[in-house]
Amino acid sequence: MKREIIIFLLCILTVCCYGQILSPIQKGKLWGFADENGKVVIKAKYTAVGDFIADYTWVNIGGKMKMEHMPEGGKWGVIDMNGNEVCPVEYDYVDLLNGDIVAVNKGGMVQNAQINGGKWGYYDVVKRKEIIAPSFAMASPFNSDGSAWVMKDCQLTRKVYGEELKNTKGKLEDVIPTFAVNDEVPLMALFESYSGEATWGLIDVNGNFILPCEYVRVHGFQNGVTAAVHGNKVGVVGTKGEIVIPFMYRSISQLYEDDLFVVKVDNGMYQLTDRKGQALTEPVYEAIYEFNHGIAAAKRNKNIGLLDAHGKEITRCIFSEAPLKFGESQFQPWNHGKRTYLSWLNDNQTLGVVWVNEKGSILQSMSKKEFTIKDRIPEKLWDY
């Protein structure tokens, strides 16, 4: 893929706060930026540059271009759309800008779209100062609430976060770095291999630890919370270091609608929990699926039913996942607006469909196994 094509597509959507669009331009072997009229705004003096998807972008001086978009070696920094170096070009890598804070590396080496070794710290591109000196083995982006996961002691190889371009045989040929990120960056996708007793801790913007380096696996925050592993148990923590759900479960999945969690208990079964750690169901389900419009499918005793966001089983788990007369089949819940249908598939052939509304009433059954509205739990059985 040609650089000019990528730059054109990206810059169509890129408008800075000053009302101008800047596109990378090349003069000889160096790069700068021009506006939409072709007027040079930032002189060509960099070995490589990123694209102004945010108000800032990375630049590199002295690196070797073994890939088209990903330099190796040299020094890295950050510029704004006036060409000001808001983070000096003196680091061995910079990335993961979230808001005003960018992660910076000193002593590491970029090779084959991976960052090896060195120490990580943080730089504030608005205050134009290094707020946390490079001292961590690894650093995640700061989230919007002002905290970040870091590692102290380990030997780590980290992927460059960006768009991977592969050839027809699946071999990596290039990476377009994603410089600006948000709270939803898939954190653990960056860290594929590390050795030693690697544990994560949570720091604030002053470098103070909110949570000690005791967590063996962490994730990016969603709605101010995230699951983490402490010892061999999973719990949920908040951006201020508060323990939202105690570390007592085998696994936890965060459901982003209604701030709900599916937790797996020691007997291998699942239950629904709110963000205060209060159990909304008993741990009696083999699976609880994603919520949509306040309804989720759940599996109990190998049969499918529906739960609402309060954990109430509004449609009993009586829909067979794999009717014996049809042999092996695959269950799929689908959501369309305020209606949900449960579909049974076998070799891409639909075995049956049951439509249910948001109250759990069966609207229509097109299944080869008939179900009726009588299968719904009567309202009088519920005490709320």
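Student: In what order do the strands β25, β26 and β27 stand in their open sheet?
Tutor: This is a predicted model. The open sheet here has 3 strands. Their pairing is antiparallel. The order is β25-β26-β27.

Student: Which strands stand at the edges there, and why is one side of each left without a neighbour?
Tutor: Strands of a sheet pair through backbone hydrogen bonds. Each edge strand has a single partner strand, so one side is left without a neighbour in the sheet. The edge strands are β25 (251-255) and β27 (270-274).

Student: How much twist is there from one strand to the next in this sheet?
Tutor: The value is an average over the steps from one strand to the next. The twist averages 25°.

Student: Which residue in β27 stands opposite Lys264?
Tutor: Look at β26 (residues 260-264) and β27. They run antiparallel, and 5 bridges join them. Opposite Lys264 stands Tyr270.

Student: Now the sheet with β1, β2 and β3. Which are its edge strands?
Tutor: This open sheet has 3 strands in the order β1-β2-β3, paired antiparallel. An edge strand here pairs on one side only. The edge strands are β1 (23-27) and β3 (40-46).

Student: By what angle are neighbouring strands of that sheet turned against each other on average?
Tutor: Direction is ignored for this angle. The average is 25°.

Student: Which residue in β2 stands opposite Ser23?
Tutor: β1 and β2 (residues 30-34) run antiparallel. They are joined by 5 bridges. Opposite Ser23 stands Ala34.

Key:
Residues numbered from 1 in each chain as written. Predicted model: local features only at pLDDT ≥ 70, side-chain atom pairs only at ≥ 80, totals over all residues. Heavy atoms only, no water. Pairing = 2+ DSSP bridges. Helix = DSSP H or I, 4+ residues; strand = E, 2+ residues; numbered from the N terminus. Axes fitted to C-alpha atoms, helices over the stretch in contact; angles between N-to-C directions.
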